[in-house]
Amino acid sequence: MKFKEHYNIRSYEVDLNGAIKPMQLMQLMQESGERQMRAEAVSYDDLYIKEHKSFVVSRMNIEIFEPAQKYSDVDVETWVIQGKAANFPRGYEMIKEGRIIARALGVWALVNTETGKLILNKDYDMSSYSRDETPKLSIPKRFRLPKELEFKEVERTVVNRSMIDINGHMNNTVYATKLYDNIPEAEKYFITSMNLRYVHEAPFESEFVVYTSRAVEPGDMDPRADKLIYFYTEADGETNIEAAIGLKSI
(Lines give C-alpha, C1' and ligand atoms only; values in the text may rest on other atoms or scores of the structure.)
Protein backbone atom coordinates (compact mmCIF):
# COMPACT_ATOMS: atom_id res chain seq x y z
CA MET A 1 0.00 0.00 0.00
CA LYS A 2 1.32 3.45 -0.96
CA PHE A 3 0.39 7.00 0.00
CA LYS A 4 -0.47 9.21 -3.01
CA GLU A 5 -0.57 12.96 -3.63
CA HIS A 6 -1.51 14.81 -6.83
CA TYR A 7 0.35 17.83 -8.26
CA ASN A 8 0.34 20.07 -11.32
CA ILE A 9 3.78 21.20 -12.51
CA ARG A 10 3.85 24.99 -12.36
CA SER A 11 5.54 27.31 -14.85
CA TYR A 12 8.27 28.44 -12.44
CA GLU A 13 9.23 24.85 -11.58
CA VAL A 14 10.56 24.04 -15.07
CA ASP A 15 13.82 24.69 -16.92
CA LEU A 16 14.30 26.38 -20.29
CA ASN A 17 13.24 23.14 -22.01
CA GLY A 18 9.97 23.15 -20.07
CA ALA A 19 10.90 20.13 -17.90
CA ILE A 20 10.72 20.04 -14.12
CA LYS A 21 14.01 21.04 -12.49
CA PRO A 22 15.86 18.48 -10.35
CA MET A 23 15.33 20.33 -7.06
CA GLN A 24 11.60 20.66 -7.69
CA LEU A 25 11.32 16.96 -8.53
CA MET A 26 12.97 16.10 -5.22
CA GLN A 27 10.75 18.58 -3.40
CA LEU A 28 7.55 16.99 -4.70
CA MET A 29 8.76 13.57 -3.58
CA GLN A 30 9.69 14.78 -0.13
CA GLU A 31 6.59 16.96 0.21
CA SER A 32 4.57 13.78 -0.35
CA GLY A 33 6.50 12.08 2.44
CA GLU A 34 5.74 14.93 4.83
CA ARG A 35 2.07 14.89 3.84
CA GLN A 36 2.01 11.17 4.55
CA MET A 37 3.40 11.86 8.02
CA ARG A 38 0.68 14.44 8.67
CA ALA A 39 -2.13 12.23 7.32
CA GLU A 40 -1.12 8.92 8.88
CA ALA A 41 0.83 9.74 12.04
CA VAL A 42 2.33 13.07 13.14
CA SER A 43 3.22 16.25 11.23
CA TYR A 44 6.91 16.99 10.83
CA ASP A 45 6.51 20.22 12.81
CA ASP A 46 5.04 18.30 15.75
CA LEU A 47 7.74 15.66 15.44
CA TYR A 48 10.42 18.35 15.58
CA ILE A 49 8.91 20.81 18.08
CA LYS A 50 6.94 18.56 20.43
CA GLU A 51 8.76 15.22 20.20
CA HIS A 52 12.25 16.73 19.71
CA LYS A 53 13.04 14.43 16.81
CA SER A 54 14.25 15.11 13.29
CA PHE A 55 14.56 13.00 10.14
CA VAL A 56 17.91 13.53 8.41
CA VAL A 57 18.62 12.06 4.99
CA SER A 58 21.76 9.99 4.38
CA ARG A 59 21.18 8.81 0.80
CA MET A 60 18.93 9.64 -2.15
CA ASN A 61 19.03 7.39 -5.22
CA ILE A 62 16.85 8.82 -7.99
CA GLU A 63 16.17 7.51 -11.49
CA ILE A 64 14.34 9.71 -14.00
CA PHE A 65 12.82 8.06 -17.07
CA GLU A 66 11.12 11.00 -18.76
CA PRO A 67 10.54 14.66 -17.90
CA ALA A 68 7.43 16.09 -16.31
CA GLN A 69 6.60 19.08 -18.49
CA LYS A 70 5.04 22.41 -17.53
CA TYR A 71 1.40 22.03 -16.44
CA SER A 72 1.66 18.23 -16.42
CA ASP A 73 -0.55 16.46 -13.90
CA VAL A 74 1.48 13.98 -11.86
CA ASP A 75 0.87 11.70 -8.91
CA VAL A 76 3.63 11.04 -6.41
CA GLU A 77 3.42 7.84 -4.41
CA THR A 78 5.54 7.30 -1.33
CA TRP A 79 5.78 4.61 1.28
CA VAL A 80 7.77 3.46 4.28
CA ILE A 81 10.08 0.45 3.89
CA GLN A 82 11.10 -1.83 6.73
CA GLY A 83 14.44 -0.60 8.01
CA LYS A 84 17.25 -1.99 10.11
CA ALA A 85 19.43 -0.52 12.86
CA ALA A 86 19.14 3.29 12.62
CA ASN A 87 17.93 3.38 9.00
CA PHE A 88 14.44 4.53 7.97
CA PRO A 89 14.10 3.84 4.20
CA ARG A 90 11.36 5.36 2.06
CA GLY A 91 10.32 4.72 -1.56
CA TYR A 92 9.01 7.23 -4.10
CA GLU A 93 7.45 7.09 -7.57
CA MET A 94 6.28 9.92 -9.82
CA ILE A 95 3.54 8.89 -12.24
CA LYS A 96 2.26 10.72 -15.33
CA GLU A 97 -0.61 9.36 -17.44
CA GLY A 98 -0.18 5.94 -15.86
CA ARG A 99 3.59 5.76 -16.50
CA ILE A 100 6.28 5.84 -13.84
CA ILE A 101 8.51 8.72 -14.92
CA ALA A 102 10.77 8.81 -11.84
CA ARG A 103 11.57 6.42 -9.02
CA ALA A 104 13.66 6.91 -5.90
CA LEU A 105 14.90 5.37 -2.69
CA GLY A 106 15.69 7.59 0.27
CA VAL A 107 17.44 6.42 3.43
CA TRP A 108 16.86 8.54 6.51
CA ALA A 109 18.04 8.63 10.10
CA LEU A 110 15.91 9.75 13.04
CA VAL A 111 17.78 11.96 15.50
CA ASN A 112 16.89 13.05 19.02
CA THR A 113 17.44 16.82 18.70
CA GLU A 114 18.07 17.25 22.43
CA THR A 115 20.77 14.60 22.78
CA GLY A 116 21.98 14.33 19.17
CA LYS A 117 21.71 10.54 19.37
CA LEU A 118 20.31 8.31 16.65
CA ILE A 119 17.03 6.52 17.33
CA LEU A 120 16.88 2.87 16.28
CA ASN A 121 14.20 1.78 13.84
CA LYS A 122 12.85 -0.76 16.33
CA ASP A 123 12.40 1.98 18.95
CA TYR A 124 10.13 4.22 16.86
CA ASP A 125 6.61 3.08 15.99
CA MET A 126 5.73 3.59 12.31
CA SER A 127 3.04 0.91 12.15
CA SER A 128 0.38 3.41 11.02
CA TYR A 129 2.28 4.33 7.83
CA SER A 130 1.55 2.96 4.35
CA ARG A 131 4.24 0.40 3.56
CA ASP A 132 5.59 -1.44 0.55
CA GLU A 133 8.73 -3.07 -0.81
CA THR A 134 12.04 -1.46 -1.77
CA PRO A 135 11.80 0.05 -5.28
CA LYS A 136 13.90 -1.66 -7.94
CA LEU A 137 16.53 0.70 -9.34
CA SER A 138 19.08 0.20 -12.12
CA ILE A 139 21.55 2.55 -10.40
CA PRO A 140 23.61 1.50 -7.37
CA LYS A 141 22.35 2.29 -3.90
CA ARG A 142 25.90 2.97 -2.69
CA PHE A 143 28.91 4.47 -4.45
CA ARG A 144 32.22 6.18 -3.81
CA LEU A 145 33.98 8.92 -5.73
CA PRO A 146 36.63 7.37 -8.02
CA LYS A 147 40.05 8.05 -6.52
CA GLU A 148 41.67 8.59 -9.92
CA LEU A 149 39.42 11.54 -10.84
CA GLU A 150 40.57 15.12 -10.46
CA PHE A 151 38.10 17.69 -9.15
CA LYS A 152 38.03 21.44 -9.59
CA GLU A 153 36.27 24.14 -7.61
CA VAL A 154 33.32 25.60 -9.54
CA GLU A 155 31.36 27.56 -6.93
CA ARG A 156 31.99 29.20 -3.56
CA THR A 157 29.18 30.83 -1.60
CA VAL A 158 27.63 31.13 1.87
CA VAL A 159 24.60 29.17 3.06
CA ASN A 160 21.90 31.82 3.33
CA ARG A 161 18.37 31.94 4.72
CA SER A 162 16.67 30.92 1.49
CA MET A 163 18.60 27.61 1.50
CA ILE A 164 17.83 26.38 5.02
CA ASP A 165 14.89 24.60 6.64
CA ILE A 166 13.53 24.08 10.15
CA ASN A 167 16.68 22.13 11.06
CA GLY A 168 18.84 25.23 10.57
CA HIS A 169 20.96 23.82 7.74
CA MET A 170 20.75 23.62 3.96
CA ASN A 171 17.69 21.65 2.93
CA ASN A 172 18.75 18.44 1.22
CA THR A 173 16.87 19.29 -2.00
CA VAL A 174 18.85 22.52 -2.49
CA TYR A 175 21.95 20.48 -3.30
CA ALA A 176 20.24 19.37 -6.52
CA THR A 177 20.16 22.98 -7.72
CA LYS A 178 23.78 23.58 -6.70
CA LEU A 179 24.85 20.57 -8.75
CA TYR A 180 22.56 21.35 -11.69
CA ASP A 181 23.90 24.91 -11.88
CA ASN A 182 27.42 23.53 -12.35
CA ILE A 183 26.73 21.06 -15.17
CA PRO A 184 28.32 22.52 -18.32
CA GLU A 185 25.65 23.22 -20.97
CA ALA A 186 23.03 21.52 -18.81
CA GLU A 187 20.28 22.62 -21.20
CA LYS A 188 21.59 20.12 -23.76
CA TYR A 189 20.96 17.14 -21.48
CA PHE A 190 18.22 15.23 -19.74
CA ILE A 191 19.14 14.14 -16.21
CA THR A 192 18.64 10.38 -16.00
CA SER A 193 19.84 9.89 -12.43
CA MET A 194 20.87 11.69 -9.27
CA ASN A 195 22.79 9.68 -6.71
CA LEU A 196 23.51 11.65 -3.54
CA ARG A 197 25.34 10.62 -0.40
CA TYR A 198 24.90 13.06 2.48
CA VAL A 199 27.91 13.08 4.78
CA HIS A 200 27.68 16.24 6.87
CA GLU A 201 25.28 19.16 7.28
CA ALA A 202 25.82 22.63 5.78
CA PRO A 203 24.77 24.99 8.61
CA PHE A 204 23.37 28.48 8.12
CA GLU A 205 26.13 30.98 7.22
CA SER A 206 28.73 28.26 6.62
CA GLU A 207 31.06 28.64 3.63
CA PHE A 208 29.85 26.30 0.90
CA VAL A 209 32.07 25.08 -1.95
CA VAL A 210 31.19 22.88 -4.96
CA TYR A 211 33.76 20.70 -6.74
CA THR A 212 33.18 18.77 -9.97
CA SER A 213 34.93 16.18 -12.12
CA ARG A 214 35.12 16.01 -15.89
CA ALA A 215 32.41 13.97 -17.61
CA VAL A 216 33.17 10.23 -17.66
CA GLU A 217 31.65 7.05 -19.06
CA PRO A 218 28.71 6.10 -16.83
CA GLY A 219 29.25 2.33 -16.75
CA ASP A 220 27.16 0.61 -14.09
CA MET A 221 26.54 3.91 -12.30
CA ASP A 222 23.78 4.69 -14.82
CA PRO A 223 23.20 2.30 -17.77
CA ARG A 224 20.81 4.77 -19.46
CA ALA A 225 23.13 7.79 -19.37
CA ASP A 226 25.52 9.01 -22.08
CA LYS A 227 27.91 10.40 -19.50
CA LEU A 228 28.30 10.92 -15.78
CA ILE A 229 29.64 13.80 -13.71
CA TYR A 230 30.79 13.41 -10.10
CA PHE A 231 30.58 16.16 -7.51
CA TYR A 232 31.41 16.78 -3.92
CA THR A 233 30.73 19.78 -1.72
CA GLU A 234 32.26 21.21 1.44
CA ALA A 235 30.77 23.25 4.27
CA ASP A 236 33.35 25.13 6.35
CA GLY A 237 36.04 22.80 5.02
CA GLU A 238 34.24 19.51 5.76
CA THR A 239 32.92 17.26 3.01
CA ASN A 240 29.15 17.29 3.24
CA ILE A 241 27.84 15.54 0.13
CA GLU A 242 29.14 13.31 -2.65
CA ALA A 243 27.09 12.94 -5.81
CA ALA A 244 26.90 11.44 -9.28
CA ILE A 245 24.63 12.85 -11.99
CA GLY A 246 23.73 10.85 -15.11
CA LEU A 247 23.15 12.81 -18.34
CA LYS A 248 21.65 11.92 -21.71
CA SER A 249 21.80 14.20 -24.74
CA ILE A 250 18.48 15.72 -25.76
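So, start with Lys122, which you'll find in the loop between β6 (118-119) and β7 (152-158). This is a predicted model, by the way, so keep that in mind throughout. Buried or exposed, that lysine? Lys122 is exposed, because its relative accessible area is 67% and anything over 50% counts as exposed. Now look for Gln82, which is 40 residues away from Lys122 along the chain. Their C-alpha atoms are separated by 9.8 Å.

Let's stay with loops for a minute, and talk about backbone angles. Ala85 isn't a glycine, yet its phi is positive, about 50 degrees. You'll see Ala85 in the loop between β3 (73-80) and β4 (88-96). It counts as exposed, since its relative accessibility is 57%.

Then there's His52, again not a glycine, with a positive phi near 60 degrees. That histidine sits in the loop that links α2 (44-49) to β2 (53-64). How exposed is His52? Its relative accessibility is 29%, so it goes down as partly exposed. And Asp236 also has a positive phi, of about 50 degrees, in the turn of a hairpin.

β10 and β11 make it, with two residues between them. β10 covers residues 227-235, and it runs antiparallel to β11, with nine bridges joining the two. If you want a pair to click on, Leu228 stands opposite Gly246 in β11.

Val209 is opposite Glu234 in β10, if you'd like to find the spot. As for β10 itself, eight of its nine residues are buried, so the rest of the structure largely encloses this strand.

β11, residues 238-249, has another partner as well: β8, residues 189-198. Those two are antiparallel too, and nine bridges join them. Leu196 pairs with Ala243 in β11 there.

While we're on β8, zoom in on Ser193, which lies in that strand. For a residue that's elsewhere, take Tyr7: it is 186 residues from Ser193 in sequence, and the C-alpha atoms are 21 Å apart in space.

Okay, zoom all the way out. What do we have overall? There are three helices and eleven strands. Going along the sequence, the order is β-α-α-β-β-β-β-β-β-α-β-β-β-β.

On overall dimensions, the C-alpha atoms fill a box of roughly 45 × 45 × 35 Å along the principal axes. The radius of gyration is 18 Å, and a compact globule with 250 residues would come out near 18 Å, so the two agree. Buried residues make up 54% of the 250. Of the contacts between residues at least 6 apart in sequence, 72% join residues at least 24 apart.

The protein exposes about 12,200 Å², and carbon and sulfur atoms supply 47% of that. There are 33 positive and 40 negative charges, and their mean positions are 3 Å apart.

That's my tour. Happy to go back to any of those spots on the screen.

How values were computed
Residues are numbered from 1 along each chain as its sequence is written. This is a predicted model: local features need pLDDT of at least 70, side-chain atom pairs count only at pLDDT 80 or more; totals for chains, interfaces and linings use all residues. Side-chain values use heavy atoms; hydrogens and water are left out. Helices (H or I, at least four residues) and strands (E, at least two) are DSSP runs, numbered from the N terminus. The radius of gyration is taken over C-alpha atoms; the globule rule is 2.2 Å times the number of residues to the power 0.38. Buried means under 20% relative accessible area, exposed over 50%, partly exposed in between (1.4 Å probe, protein chains only). Contact means heavy atoms within 4.5 Å. Accessible areas come from the Shrake-Rupley method with a 1.4 Å probe; for residues, only the protein chains shown count as cover. Lys and Arg count as positive and Asp and Glu as negative; His and the chain ends are not counted. The place of a charge is taken as NZ of Lys, CZ of Arg, CG of Asp or CD of Glu. Two strands pair if DSSP finds at least two bridges between them.
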